Amino acid sequence: MTRPPAIEVLRAGALTTVQDLGRPGWAHLGVPRSGALDTAALRLANRLVGNPEHAAGLEITLTGCTVRLTRATTVAVTGAEVTVHAGDRPGDTGRPLTVPAGTVLRIGPARRGVRSWLAVAGGIDVSPVLGSRATDTLSGLGPPRLGDGDRLPLGEPLDAPAPVDLTVCSAPPPELHLMLSLGPRDDWFTPAALDLLFGTAYTVSPVSNRVGARLAGAPLPRAVAGELPSEGIVLGAVQVPADGQPLIFLADHPTTGGYPVIGVVTDVTPLAQARPGTTVRFHGPQR
């Protein structure tokens with residue numbers, strides 16, 4: 001019996017996961033949104049191969065990955081600056097690439113940035129969980145992170161690939177300027193803490209992941225001691241643990257937390273490509 005068309009994972013790399021636009025609307029049940037850390041990059045990759053924007057693709061972290069495509073299809077890679085090879089043929093990021101059945105697609109390590117997104121015509125057709133095919137690395141919902149030898153089914157293509165030769169993707173900046181709205185627990189911190197938060201630079205820590213971007217820099221002194229009962233956490237919430245170092249929650253964040261949230265970053269997308277050591281500065285409408 002003929003096996004259905006699939007992606008075969010030959011080398012999974014450091015962290016490759018199935019991602020779509022996530023599963024919003026379940027936070028009241030303790031389920032975070034998850035999904036691609038840069039939804040615009042995944043939407044672009046899907047448009048390039050003729051998929052609906054919500055189709056599932058692969059999110060590839062830092063070290064690249066290698067897959068085999070068992071049917072003739074169209075693929076597109078967006079995001080970090082990487083080398084792409086389809087068999088012996090070089091490809092480009094931000095460009096639809098038509099490949100024959102059996103093609104080995106190699107996506108190299110990121111030269112700039114951290115994450116790439118791979119879309120395949122028809123999308124990755126794993127079973128959805130709560131309406132999404134996204135891998136949630138914190139809760140374990142969705143398919144597990146990929147390993148060598150895994151096989152992922154492909155859906156049926158719906159539309160022709162986009163009639164473009166190349167799209168322009170900007171390089172990640174060496175310094176991120178993030179807009180921060182204070183609250184709900186900024187009153188748990190001293191005025192000096194707010195001066196430090198907005199007036200000094202932080203750097204992205206090597207222990208950052210899809211759950212959150214940990215920052216290193218000036219500790220933020222508390223005005224209120226003691227414990228805080230767990231309360232709701234949203235995407236972009238800046239929580240301050242006991243060591244005083246800010247933590248920005250990303251797509252796989254928990255839905256509740258017990259450390260005070262000093263503010264919320266309005267757009268966390270730039271952190272998807274922020275390597276360890278990247279400088280982060282906070283700005284706010286009141287500063």
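This section describes the overall build of a predicted model and then several of its residues.

The protein contains two helices and 20 strands. Its radius of gyration is 20 Å, close to the 19 Å that the globule rule gives for 287 residues, so the protein is as compact as a globular protein of that length. Along the principal axes, the C-alpha atoms fill a box of roughly 65 × 40 × 30 Å. Of the 287 residues, 49% are buried. Among contacts with a separation of 6 or more, 78% are between residues 24 or more positions apart. The accessible surface amounts to about 12700 Å², and carbon and sulfur atoms account for 56% of this area. There are 24 positive and 24 negative side chains, and the centres of these two sets are 5 Å apart.

Helix α1 spans residues 39-49. At its start, a side-chain oxygen of Asp38 comes to within 3.2 Å of the backbone nitrogen of Ala40. The buried residues of the helix are Ala41, Leu42, Leu44, Ala45, Asn46, Leu48 and Val49. These residues pack against four strands, namely β2 (15-19), β3, β5 (73-81) and β10 (112-120). After the helix comes Gly50, which has a positive phi near 85°.

Asn51 is located in the loop that links α1 to β3 (57-61). Its relative accessibility is 9%, below the 20% limit, and Asn51 therefore counts as buried. The Asn51 side chain reaches the backbone oxygen of Val120 at 2.9 Å. Leaving aside residues up to four places away in sequence, Asn51 touches Asn46, Ala119, Val120, Ala121, Gly122 and Gly123. One of these, Asn46, is itself among the buried residues of α1.

His253 is placed between β17 (247-249) and β18 (256-257). A polar atom of its side chain lies 3.5 Å from the backbone nitrogen of Leu235. With residues up to four places away in sequence set aside, the contacts of His253 are Pro32, Leu138, Val211, Ile233, Val234 and Leu235.

Pro144, in the loop between β10 and β11 (151-153), is by contrast exposed, with a relative accessible area of 63%. The C-alpha atoms of Pro144 and Val18 are 8.3 Å apart in space, although the two residues are separated by 126 residues in sequence.

Backbone geometry was also examined. Most residues other than glycine have a negative phi, and most peptide bonds are trans. Leu62 is not a glycine, yet its phi is positive, at about 65°. This residue sits in the loop between β3 and β4 (65-69) and counts as partly exposed at 35% relative accessibility. Leu130 likewise has a positive phi, near 55°. The position of Leu130 is in the loop between β10 and β11, and its relative accessibility of 37% makes it partly exposed. The peptide bond from Gly183 to Pro184 is cis, with omega near 10°. Pro184 belongs to the loop between β12 (175-182) and α2 (191-199).

Notes:
Residues are numbered from 1 along each chain as its sequence is written. This is a predicted model: local features need pLDDT of at least 70, side-chain atom pairs count only at pLDDT 80 or more; totals for chains, interfaces and linings use all residues. Side-chain values use heavy atoms; hydrogens and water are left out. Buried means under 20% relative accessible area, exposed over 50%, partly exposed in between (1.4 Å probe, protein chains only). A polar contact is a pair of N or O atoms within 3.5 Å; within protein, one must be able to donate a hydrogen and the other to accept it, and residues adjacent in sequence count only if both atoms are side-chain atoms. Contact means heavy atoms within 4.5 Å. The radius of gyration is taken over C-alpha atoms; the globule rule is 2.2 Å times the number of residues to the power 0.38. Accessible areas come from the Shrake-Rupley method with a 1.4 Å probe; for residues, only the protein chains shown count as cover. Lys and Arg count as positive and Asp and Glu as negative; His and the chain ends are not counted. The place of a charge is taken as NZ of Lys, CZ of Arg, CG of Asp or CD of Glu.
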